[in-house]
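User: I am new to this structure. Please take me closely through one part of it, the surroundings of the ligand, and then show how that part connects to the rest.

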Amino acid sequence: AQRVFSGMQPTGNLHLGNYLGALVNWVKMQDTHDCVYCVVDMHAITMWQDPAALKSAIREVTAAYLAAGLDPKKSIVFNQSKVAEHAELAWVFNCVARLGWLNRMTQFKEKAGKDRENASVGLYAYPCLMAADILLYRATHVPVGEDQKQHLELTRDVAQKFNNDFRPQIEAAGFADGFFPMTEPVIQGPATRVMSLRDGSKKMSKSDASDYARINLTDDADAIAQKVRKAKTDPEPLPSEPKGLEGRSEAENLVGIYAALSERSVEAVLAEFGGGQFSTFKNALADLAVAKLAPLNADMRRLLADPGFVDGVLKDGAERARVIAAETMNHVKDIVGLLR
Ligand code: ATP
Ligand code: MG
C-alpha cells in the first residue's frame, strides 16, 4: 500500500502558500492513498512560541485542514506531540544522521539567521524529527512545497543509512528490501513555491514578521484587498505572454497565484490581463482570493465554535496513529538492539 504523510507547523495561521503548495494536494491524495496528516507542534517549538497562542494555533490549523477538505474518517488527522514515538524515533535518527548532513540544511541557516550560536538545538535537529515523522509510518509519498525538498532528501539519506547500518538485523527480522522505504517527495500542483507579497525573492511564510507578506486563510475581505493592493510590483504593465514575466518575480508571483486560484493557465491569465493596468489586475486578484477563501473561513469558524469537536478529531487520530507508530518503534528497537 502507498502511504502518505505530511504536516504543517502551528506557528501561526495558514496562508495561501501552505494551501496551494501542499493542502490542495493532501485533499486529492485522500482518494488514492492511505493518508496520515499531522499538526507538527513539536516542530513549532524549535522557535519560541507563546504557550496560549500555540494551543490555539494547533486547533486552528486542524480546523483549516478539515475546512480545506481533509476527511478525518478517511485520513488520520492528529497532532504530533500526542504520539510519543515521534520523539523516540527522532532520537534514534539523531544517532544515524551525520553532523555534515545537517550542516548543509538551508532552512536552518535561514531560520537561525546571523546569531547561530543562539539557535535552539531543536532547530538544528529539525530534519531528523521530520524524518522520524515520515518514516514512523513508513510513508512512501510526502506532498510538500518546494522549500522542503532538501529535508526530504535527508529523510532518504537517513532511511538508507539505517537500512545499511543494520542490514543483517533487518533481514533477520524478515524485511528483505530494507526496513524503511525511500520516500518520494510529491512537489506538484499549481503553486509549489508562493512568494512573499513584500519581497519576490523570499517565500511566503507563517513566521515572516510582516503580516503584509502573506494572505492568511483567515483574512477577511478588507485585509485581503489591502494586502493585494499593497503587494510589491514593478512599474511596467503586465505582459501578454509568460516570457514577459522573466526577471519580474513579484509580477510573476501574483499572476501565478491568480492562475492557481482560478485553476487556469498563466497564459490564459495573461491573455486576459496583459497590457492592462496593474491596479485592474490587483482588484480582480483580491476579489478572486476573497471568493475562494470566504467559504473556507466560514467552515473554520463553524468548526472552532464547537470547543470539543476539533479536540475529538485529534484524539481519535492520535489513537489510530499510535497503532502504526508503536509497531514501527517495536521493530526499530529490536533491530537496533534496545530491549523492550
Ligand atoms: P514557518 O515560517 O513557521 O516555517 P511555513 O509557512 O514555512 O511556516 P510550514 O508549516 O513550515 O509553513 O510548512 C507547511 C507546508 O507548506 C510544507 O509542505 C511547505 O513546503 C509548504 N509551504 C510553506 N510555505 C510555502 C510557500 N510559500 N509556497 C508553497 N508551499 C509552501
Ligand atoms: Mg516552513
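Analyst: A residue counts as near a molecule if its C-beta atom, placed from the backbone, lies within 6 Å of it. Keep in mind that this is a predicted model.

Start at the ligand. There are 19 residues around ligand 1. Gly17, Gly21, Val144, Gly145 and Ser207 come nearest. By type, the shell divides into five nonpolar, ten polar and four charged residues. Helix H1, residues 16-29, gives the largest share of this shell, with four residues.

The chain is assigned a domain 1 (3-193 + 307-336) and a domain 2 (219-302). Their C-alpha centres lie 31 Å apart. Where the domains touch, eight residues come from domain 1 and seven residues from domain 2. On the domain 1 side, H1 and helix H3 (51-68) each supply at least two residues. H3 provides the largest share of that side, four residues. The domain 1 side is made up of eight nonpolar residues, with no polar and no charged ones.

The largest nonpolar core has 92 residues. Val36, Tyr37, Leu89, Phe93, Ala131 and Ala132 have the most contacts inside it. Helix H7, residues 121-136, gives the most to this core: nine residues. Both domain 1 and domain 2 contribute, with at least three residues from each.

Beyond its neighbours within four places in sequence, Tyr37 is in contact with Ser6, Gly7, Trp26, Tyr65, Leu70, Ser75, Ile76 and Val77.

Note on methods:
Residues numbered from 1 in each chain as written. Chains lettered and ligands numbered in written order. Predicted model: local features only at pLDDT ≥ 70, side-chain atom pairs only at ≥ 80, totals over all residues. Nonpolar A, V, L, I, M, F, W, Y, C, P; charged D, E, K, R; others polar. Domains from an automatic or database assignment. Contact = placed C-beta atoms within 7 Å. Core = buried A, V, L, I, M, F, W, Y, C linked by C-beta atoms within 7 Å. Buried ≥ 20, exposed ≤ 12 C-beta atoms within 10 Å, placed from the backbone.
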